[in-house]
Amino acid sequence: MKATFRIWRQDTPNGQGGFKDYEVDGLNADMSFLEALDHLNEILVLRNEKVVAFEYDCREGICGQCGVYINGRAHGPHENITTCQLHMRSFEDGATIVIEPWRADAFPIIKDLIVDRSAFDRIIEQGGYISAKTGTAPEANAIPIGKEISDRAMDAAACIGCGACVATCKNASAALFTSAKINHLNSLPQGQPEAHKRVLEMTAQMEKEGFGHCTFTGACEVECPEGISIVNIAEMNARYLKAKLFS
Ligand code: FES
C-alpha cells in the first residue's frame, strides 16, 4: 500500500511551519496510523533527513497524547477512536493524507505535530483532585452511590485529556475537558468538600490559559474519542452558578 503524507513540519515553536509531502511505499492496511508514521521515520533516518516529531505513549487509546488532525478531523475519519487506534485500512491505496497538529493559541506548537498541552495540567492542578482521606483502599462497593450518579461520574471520568475538543472547536474552548473533570469529582460524595472551590478555580484557570468561550456548537462532542457529552458543559455551568451563589 502507498500513501502521500502531507505533514506539517515546524522546527521550533516560533519558527515558520509549512506542509511537506512524503510519498511512502511499503505500508500495509493493518498498520496503525502511528506505525505508518514510524515507517516514514525509518525511511527518513535512512535518507539522513529529520524525522517527523509526533507524540504518543500507550498506543491503545488511554493516555490521550497522540492527537493530530487528519484530513481535517481530530483523530481522523472515525468516531470514538484516537489516532493510535486508527488503521491504514481506513484510507484508499494511493491516498493523500493531510496531517496537522492541534491548532489553538492555548496549545502552542513545540515541533512538527507536537503541541504543548500543559494548560490542561494547570486546570487540573486547580481542583482535579479530592482531599478526602480514604485510608487503605476500601472495598469497591463499600460507599453506596446510586447507579445513575456513578454512571454519570464514570462517563465524565472517561476523558483522556487528548485536546481534540479544543482543536475542533471554532473558539478553541476547553469547556468539554474542564466540565468532564469537574463533573467527575463533583458528582461523587468524595468530591463534595471542594465542590464549589473546584468549579470556580478550574474555570478561572481555563480562562487564564486563553481558551475561547463555549458557544455550544457541539463540535467537541462529535470529535471526542471517548464520546464525552456536551451535557457536561451545561452541568458545569449550573454548578458554576450554584458555587457563585453559595460560596
Ligand atoms: S498514544 Fe495513548 S491515546 Fe493514543
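Modeller: Buried area is the accessible area (1.4 Å probe) that two parts lose on being put together, summed over both. This is a predicted model, in which local features need pLDDT of at least 70 and side-chain atom pairs count only at pLDDT 80 or more, while totals for chains, interfaces and linings use all residues. Residues are numbered from 1 along each chain as its sequence is written, and side-chain values use heavy atoms, with hydrogens and water left out.

Colleague: Which domains does the assignment of the protein chain give?

Modeller: Domain bounds come from an automatic or database domain assignment. Here domain 1 covers 3-100 and domain 2 covers 118-246. Taken over C-alpha atoms, the centres of domain 1 and domain 2 are 30 Å apart. Domain 1 and domain 2 each put 12 residues into the contact, where contact means heavy atoms within 4.5 Å.

Colleague: What area is buried between domain 1 and domain 2?

Modeller: The size of an interface is often given as the accessible area lost when the parts come together. Between domain 1 and domain 2 about 890 Å² is buried, and carbon and sulfur atoms give 47% of that area.

Colleague: At what angle do the axes of α2 and α5 cross?

Modeller: Helices are DSSP runs (H or I, at least four residues), numbered from the N terminus. Axes are lines fitted to C-alpha atoms over the stretch in contact, and angles run from 0 to 180 degrees between N-to-C directions. Helix α2 (residues 118-125) and helix α5 (residues 175-186) cross at roughly 30°, and their axes come within 11 Å. That makes α2 roughly parallel to α5; angles under 35 degrees count as roughly parallel, over 145 as roughly antiparallel, 65 to 115 as roughly perpendicular and the rest as oblique. F120, I123 and I124 of α2 meet F177, T178 and K181 of α5. These residues divide into 4 nonpolar, 1 polar and 1 charged (Ala, Val, Leu, Ile, Met, Phe, Trp, Tyr, Cys and Pro count as nonpolar, Asp, Glu, Lys and Arg as charged, and the others, Gly among them, as polar).

Colleague: How do the axes of α2 and α6 cross?

Modeller: Their crossing angle is roughly 155°, and the axes come within 8 Å. α2 and α6 are therefore roughly antiparallel to each other. R122, I123 and I124 of α2 make the contact with M202, Q205 and M206 of α6.

Colleague: And at what angle do α6 and α8 pack?

Modeller: Helix α6 (residues 195-208) and helix α8 (residues 231-246) pack at about 110°, with 9 Å between their axes. They are therefore roughly perpendicular to each other. The contact includes H196 and V199 of α6 and M236 and R239 of α8. Its residues divide into 6 nonpolar, 2 polar and 3 charged.

How values were computed:
Helix = DSSP H or I, 4+ residues; strand = E, 2+ residues; numbered from the N terminus.
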